[in-house]
Number of protein chains: 2
Amino acid sequence: MMKGHNSEFGREKVYLSGQIYPEVRVGMQRVVLTPTVTVVDGQRVAQPNEPVYIYDTGGAYTDPNAEGVVRIREQWIENRKKEGKPLTQLSLARAGIITPEMEYVAIRETMNCRECGVESHITPEFVRQQVAAGRAVIPANINHPECEPMIIGTDFLVKINANIGNSATSSDIDSEVEKAINSCKWGCDTLMDLSTGSDIHTTRERILRAVPVPVGTVPIYQALEKVGGDVEQLCWEVYRDTLIEQCEQGVDYFTIHAGVRLKNVDLASSRLCGIVSRGGSIMSRWCKIYNRENFLYEHFDDICDILAQYDVAVSLGDGLRPGAIADANDRAQFAELETLGELVLRAWAKDVQVFVEGPGHVPMHKICKNMERQIELCHGAPFYTLGPIVTDIAPAYDHITSAIGAAQIGALGTAMLCYVTPKEHIGLPTVEDVRQGIVTYKIAAHAADIAKQHPGAVIRDNALSKARFEFRWRDQFNLSLDPERAFEYFKQSGKTEGNFCTMCGPNFCAIRLSHELKK
Amino acid sequence: MMKGHNSEFGREKVYLSGQIYPEVRVGMQRVVLTPTVTVVDGQRVAQPNEPVYIYDTGGAYTDPNAEGVVRIREQWIENRKKEGKPLTQLSLARAGIITPEMEYVAIRETMNCRECGVESHITPEFVRQQVAAGRAVIPANINHPECEPMIIGTDFLVKINANIGNSATSSDIDSEVEKAINSCKWGCDTLMDLSTGSDIHTTRERILRAVPVPVGTVPIYQALEKVGGDVEQLCWEVYRDTLIEQCEQGVDYFTIHAGVRLKNVDLASSRLCGIVSRGGSIMSRWCKIYNRENFLYEHFDDICDILAQYDVAVSLGDGLRPGAIADANDRAQFAELETLGELVLRAWAKDVQVFVEGPGHVPMHKICKNMERQIELCHGAPFYTLGPIVTDIAPAYDHITSAIGAAQIGALGTAMLCYVTPKEHIGLPTVEDVRQGIVTYKIAAHAADIAKQHPGAVIRDNALSKARFEFRWRDQFNLSLDPERAFEYFKQSGKTEGNFCTMCGPNFCAIRLSHELKK
């Protein structure tokens with residue numbers, strides 16, 4: 001194990017090596033804890049507290065010893081090419097091959113279990129089986145060697161995606177790259193670059209070369225930009241060239257709105273909020289202009305042929321997702337989901353990894369139906385939802401309205417949650433909004449992991465609560481999702497450690513009384 | 001109808017009068033909307049949008065025409081005294097009497113339905129039946145005439161409580177009163193003054209005379225303060241005198257930790273976080289010091305005799321609630337709940353209104369069991385929970401970890417949700433923390449109302465989404481839970497109205513494209 005040190009929050013960067021592939025080195029954060037001190041017969045007795053291992057998406061940015069971004073997958077990809085092996089994780093898994101990426105994610109998902117002696121079913125072979133069955137996806141373009149492998153699937157830790165990207169009216173490249181890097185430090189598992197403004201290519205290039213997580217895009221945005229924003233000018237050729245351009249750059253997954261069918265577009269016309277997916281509205285408009293079937297649907301096999309050459313995964317966009325509580329679970333939405341199920345099979349036939357996007361705005365009593373229909377129609381491919389937002393009445397707080405829905409659908413089996421920031425429905429997120437969105441979604445994902453009784457999920461909760469009960473304030477905050485913010489609030493409250501807090505004062509501290517009870 | 005005007009956010013204060021009691025005047029916020037403008041054959045056509053009525057807890061503070069706090073219930077209480085009627089809403093309901101308070105809450109709960117033509121089962125007679133059955137509580141001390149009646153029960157809108165109050169180490173009276181008034185403006189349904197510092201009596205007096213919502217307290221705090229913070233000195237006589245003092249002042253409900261039984265205290269000793277309820281830890285300690293049964297349990301009938309004279313409701317405290325995920329749903333917790341069920345019957349026998357407090361820290365997969373056991377053991381008395389918090393790992397974000405749990409347990413039937421602020425586990429909340437806590441809990445409560453399919457709950461969502469779809473930005477924000485914050489973010493994004501936003505820019509606006517589709 002190599003070490004780095006991030007002393008401010010008691011965190012060390014540690015690496016664990018693979019057994020199948022010794023060159024696999026998985027970075028994690030180790031939170032070093034102070035001992036529990038008790039007084040027995042007038043003597044101070046210190047009992048050590050075991051360190052806690054935290055899943056780390058920060059790559060080189062959380063390792064003070066790292067010298068820039070590491071091209072971690074470069075040699076693995078080279079080896080496969082030399083050996084003439086197939087290129088997608090799906091085809092390799094189906095051929096019975098455990099790749100370095102598979103061992104990487106197996107270690108990554110279980111490091112906290114391993115060190116705490118908790119059993120986990122997640123082995124490299126289990127990962128291979130899940131990928132082979134299409135129940136899990138490792139998005140990892142052969143041209144994105146900087147990407148640390150991660151896995152999206154119901155039987156793994158729930159993941160979160162952060163959306164960044166500029167628009168025609170705001171933001172510049174540097175600030176998008178800053179958001180991207182910070183997102184990784186705060187814990188996003190994948191990043192989507194949704195840029196629609198100027199310099200789309202360069203923005204993406206800068207992000208891809210900077211971040212250690214898989215990057216997703218919606219290629220129709222750049223295709224539309226190429227034709228001057230005129231939907232009528234969109235065509236398969238422009239789209240195909242855009243796909244190839246982005247595959248070459250190293251994008252790891254594409255949201256493709258191939259499920260928006262000509263026959264279903266009108267189903268959305270009676271809605272309160274119509275079509276709120278950008279890709280969905282673009283393709284719907286195109287279908288209506290030409291009264292023709294969506295070219296993404298018609299060329300879906302061609303798309304998969306391209307993606308298979310780079311091992312780019314497909315995220316099947318839900319172009320007709322509901323944009324208001326009133327539109328949830330309607331015919332338009334479920335008709336599209338049926339098509340997405342069909343497309344899952346077509347992707348698998350081409351050895352392309354695939355997952356399925358979901359809503360949106362859904363009231364709590366209709367969330368379960370979304371998961372049920374997805375399981376029923378999509379053959380076990382992972383589900384990836386945006387929220388869902390459970391009430392429409394809180395613009396400026398939609399990270400919260402959506403985290404309520406996200407935690408629930410995550411507990412039901414959704415594999416990845418797309419974050420929502422406080423600026424949703426209002427404008428593009430600032431760096432602080434991105435932080436709020438990510439931490440809020442880490443909460444939803446972790447709460448879902450606990451509810452699913454994922455192996456080892458409660459280790460961190462229990463260590464933090466033990467620290468809380470023992471007034472080990474630093475340990476409590478070091479173990480938290482956002483130590484910096486917790487310390488900031490702690491200082492604001494005018495409190496510097498000790499056996500009670502400003503909430504209660506010394507005489508009303510329940511924990512203090514609770515300790516006296518134990519004596 | 002009388003009117004006030006709060007032009008900044010398109011809101012007017014309006015009053016609706018009773019039919020049984022014409023002197024009943026229920027204040028609501030009416031959000032006036034702009035028309036929908038479309039262009040038909042080159043002509044601008046304006047179609048009006050009906051105003052939306054919002055439940056309002058702001059009393060005089062949201063009515064620019066009001067001259068100070070109104071003693072709204074003064075005459076009703078006087079009349080009952082003159083007529084020699086019994087005093088508690090429960091005894092009156094049982095006697096078949098619909099009180100002005102009952103008509104008030106019936107109007108208050110259904111005003112949005114009435115104006116929109118949605119049917120609601122909530123009539124004054126329904127309210128009476130629910131109160132008579134103990135399924136709902138109207139906390140309203142005869143000495144708190146400033147209190148606008150509200151109802152807590154599964155078949156009504158989910159309510160939220162905000163905790164305020166100083167401690168020995170922080171805050172002064174003025175800032176607590178400011179928090180109290182702001183809390184009402186932002187939407188809290190009840191306020192608990194949890195002061196434990198100096199000037200407890202005066203702080204409470206100032207708050208009671210200032211706010212239009214029911215006020216709750218935990219009398220054991222003041223009792224403990226009276227004996228110098230020494231648990232050993234606590235006794236029934238000091239507690240009884242404190243109860244009477246607070247009843248005289250006008251407190252509407254008391255949290256009483258009578259369920260902490262000597263035989264159950266040790267059940268909490270094997271926990272990760274022991275006892276985290278302040279009242280619970282105080283009473284546990286008292287029981288252990290004297291090896292005697294909790295005097296609140298032993299004197300519970302005497303307590304109810306006092307409360308009945310003032311119509312103060314009992315909130316049965318869950319002194320052994322879990323303070324960590326690891327401690328959820330354990331024997332200590334459910335053993336206490338059994339006692340609370342017994343105490344519900346004892347309160348009802350004395351004509352005292354009663355509800356039951358619940359946890360705390362509970363992972364999502366264990367939330368349902370809490371509601372089930374409460375229904376099973378507590379004879380239909382309303383449930384009032386603190387969150388629950390669904391993961392321990394996010395200090396500084398516990399308003400969110402708990403809103404996830406609160407929304408779920410609210411949808412399952414919990415009648416009132418006690419808010420949690422970002423400072424939970426860290427310190428006392430600032431005014432901004434209180435705002436965050438309240439808006440977050442309004443979200444959870446409203447999401448639960450929608451999930452329960454409460455009559456009229458979605459009216460506001462639908463109006464807001466319609467405004468969103470029609471680019472009526474002002475209407476969208478005026479209808480939101482926190483218009484001020486939404487406008488602030490909107491301005492930050494550099495956007496001043498128009499048919500797209502900074503999120504997407506003009507070419508990528510899904511709603512704009514969706515409009516073109518409709519044409």
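Me: In this predicted model, in which helix is A:Asn112 found, and is A:Asn112 buried or exposed?
Reply: A:Asn112 belongs to a helix of chain A that spans residues 100-116, namely α3. Its relative accessible area is 17%. A residue counts as buried under 20%, so A:Asn112 is buried.

Me: Which residues is A:Asn112 in contact with, leaving aside its neighbours within four places in sequence?
Reply: A contact requires heavy atoms within 4.5 Å. With the neighbours within four places in sequence left aside, the partners of A:Asn112 are A:Tyr53, A:Gly456 and A:Ile459.

Me: How are α14(A) and α15(A) oriented to each other?
Reply: Helix α14 (residues 367-377) and helix α15 (residues 398-411), both of chain A, have axes that come within 10 Å and cross at roughly 40°. Angles under 35 degrees count as roughly parallel, and 65 to 115 as roughly perpendicular. The crossing of α14(A) past α15(A) is right-handed. The two helices are therefore oblique to each other.

Me: Which residues touch the most other members of the largest nonpolar core?
Reply: Nonpolar side chains tend to be buried together in soluble globular proteins. Not counting residues up to four places away in sequence, A:Leu307 touches several residues, including A:Leu243, A:Phe254, A:Ile256 and A:Val352. Within the largest nonpolar core, which has 274 residues, those touching the most other members are A:Leu307 and B:Leu307.

How values were computed
Residues are numbered from 1 along each chain as its sequence is written. Chains are lettered from A and ligands numbered from 1 in the order in which they are written. This is a predicted model: local features need pLDDT of at least 70, side-chain atom pairs count only at pLDDT 80 or more; totals for chains, interfaces and linings use all residues. Side-chain values use heavy atoms; hydrogens and water are left out. Axes are lines fitted to C-alpha atoms, for helices over the stretch in contact, and angles run from 0 to 180 degrees between N-to-C directions. Helices (H or I, at least four residues) and strands (E, at least two) are DSSP runs, numbered from the N terminus. Angles under 35 degrees count as roughly parallel, over 145 as roughly antiparallel, 65 to 115 as roughly perpendicular and the rest as oblique. A crossing is left-handed if the near helix is turned anticlockwise from the far one by less than a right angle, and right-handed if clockwise. Buried means under 20% relative accessible area, exposed over 50%, partly exposed in between (1.4 Å probe, protein chains only). A nonpolar core is a set of buried Ala, Val, Leu, Ile, Met, Phe, Trp, Tyr and Cys residues joined through side-chain atoms within 4.5 Å.
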